[in-house]
Amino acid sequence: MFDLFNLSTNSFSYPFTKQHFILYKQVTSQYDDPDILQYVNLLVPEKIKKDIKIELKKTNTSKGANLDKYNNSNSSTNHSICNDLADDRGDDDTYNTKEDLSYSSSTISLPISFLDSLKELLIWFKKDFMRWVDKNPSCDNCGRQLALEYIPGDTWEIRGIENYYCSFCSAVFSFPRYGKIKEIADNRIGRCSEWTFLFGAILNSVSIKTRIVHDFLDHCWNESFIGGRWIHIDSTLTYPISFDHCSYYEKNWNKKYIFVLAFSKSNLEDVTASYTMKWNQVLNRRSELKQTQLDKFQKFYQKI
Ligand SMILES: [Zn+2]
């Protein structure tokens with residue numbers, strides 16, 4: 001176990017702080033913990049688990065229905081681009097500079113029944129299980145704006161506590177920013193990070209290998225390894241946008257990426273190219289940063 005308190009706060013320039021890397025390392029390490037996976041697995045309705053299990057079994061046992069056949073056979077890397085990017089990229093000449101991506105994958109599709117089982121899970125999680133916490137929440141009782149008192153935390157386990165008070169009806173609402181999966185699962189509230197941490201654990205608990213992606217702007221989501229490639233999954237969005245819609249953020253939220261990084265327990269990977277149709281612009285933004293930054297990130301991440 002490394003010593004958290006020996007690490008200074010901002011050894012990487014903002015927003016790439018050591019805390020982020022430690023947090024993602026610790027959260028994704030929990031994705032390997034059988035006790036935690038069992039804990040979150042019990043929360044998922046039996047029918048949904050059963051449907052996913054049947055679909056996964058099909059892909060493993062039936063040669064005809066093997067998901068691998070949906071994989072892009074030309075791809076030398078596990079990292080393929082998403083359907084929506086592949087569809088759009090045909091006319092995008094700014095993209096030609098990026099050669100290491102295979103984008104003959106525009107026909108990638110997964111069996112409908114498999115998508116249905118994931119859709120069930122996404123809808124249950126968003127509609128029935130989790131509750132979103134607004135940045136400026138209003139009072140549940142009287143609808144008035146709540147006042148925030150922020151108590152900073154000093155570990156990945158509790159990054160901070162947001163306490164909200166209603167000056168009119170005296171209601172109090174506390175929102176601890178947990179890094180521990182079980183606590184997030186018990187609390188059932190959060191913003192994109194809590195949703196992503198927990199949903200990633202749930203996916204891993206149903207045998208779908210899943211990691212965490214952060215855009216280092218203001219959002220994070222998951223990627224799951226399905227059919228031989230990493231697929232974008234964002235439990236905070238509404239299906240079908242929540243599944244395999246990599247270009248959604250850039251198109252709709254005008255994201256200006258520098259680094260989009262994917263975190264698993266053992267590695268961090270630069271996945272920016274999967275989420276942009278404006279690769280040259282990304283490179284222009286990057287040129288202002290130290291060239292060695294990504295290497296530095298990776299070395300640090302391996303070490304902690
Ligand atoms: Zn109130």
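Predicted model: local features only at pLDDT ≥ 70, side-chain atom pairs only at ≥ 80, totals over all residues.
## Strands β3, β4 and their sheet

Strand β3 (residues 158-165) is joined to β4 by 6 bridges, and the two strands run antiparallel.

Stepping back, β3 and β4 belong to an open sheet of 3 strands, in the order β2-β3-β4, with antiparallel pairing. The edges are taken by β2 (147-152) and β4 (172-178); each has a single partner strand, so one side of each is left without a neighbour in the sheet. From one strand to the next, the twist averages 15°.

## The β7-β8 hairpin

Another antiparallel pair is worth a visit: 5 bridges join strand β7 (residues 220-226) to β8. Here Phe225 has Trp230 of β8 as its bridge partner. The two strands, β7 and β8, form a hairpin with 2 residues between them, and in the turn Gly227 has a positive phi of about 60°.

How much of strand β8 is buried? Of the 5 residues in β8 (residues 229-233), 5 are buried, so the strand is mostly covered. Arg229, Ile231 and Ile233 point one way from β8, while Trp230 and His232 point the other way, and all of these are buried.

## Where α2 meets α7

Now to a pair of helices. Two packed helices are described by the angle between their axes and the distance between the axes. For helix α2 (residues 34-41) and helix α7 (residues 192-205), the angle is about 95° and the axes are 8 Å apart. The helices α2 and α7 are therefore roughly perpendicular to each other, as angles of 65 to 115 degrees count as roughly perpendicular.

Which residues make the contact? From α2 come Ile36, Leu37, Val40 and Asn41, and from α7 come Leu198, Ala201, Ile202, Asn204 and Ser205. Sorted by class, the contact of α2 with α7 has 6 nonpolar and 3 polar residues, with no charged ones.

Our last stop is Phe297, which is found in helix α10 (residues 293-303). Is Phe297 buried or partly exposed? It is partly exposed, because 18 other C-beta atoms lie within 10 Å, and a buried residue needs 20 or more.

Leaving aside residues up to four places away in sequence, Phe297 touches Phe16, Phe21 and Leu268.

Definitions and conventions
Residues numbered from 1 in each chain as written. Helix = DSSP H or I, 4+ residues; strand = E, 2+ residues; numbered from the N terminus. Buried ≥ 20, exposed ≤ 12 C-beta atoms within 10 Å, placed from the backbone. Contact = placed C-beta atoms within 7 Å. Axes fitted to C-alpha atoms, helices over the stretch in contact; angles between N-to-C directions. Parallel < 35°, antiparallel > 145°, perpendicular 65-115°, else oblique. Nonpolar A, V, L, I, M, F, W, Y, C, P; charged D, E, K, R; others polar. Pairing = 2+ DSSP bridges.
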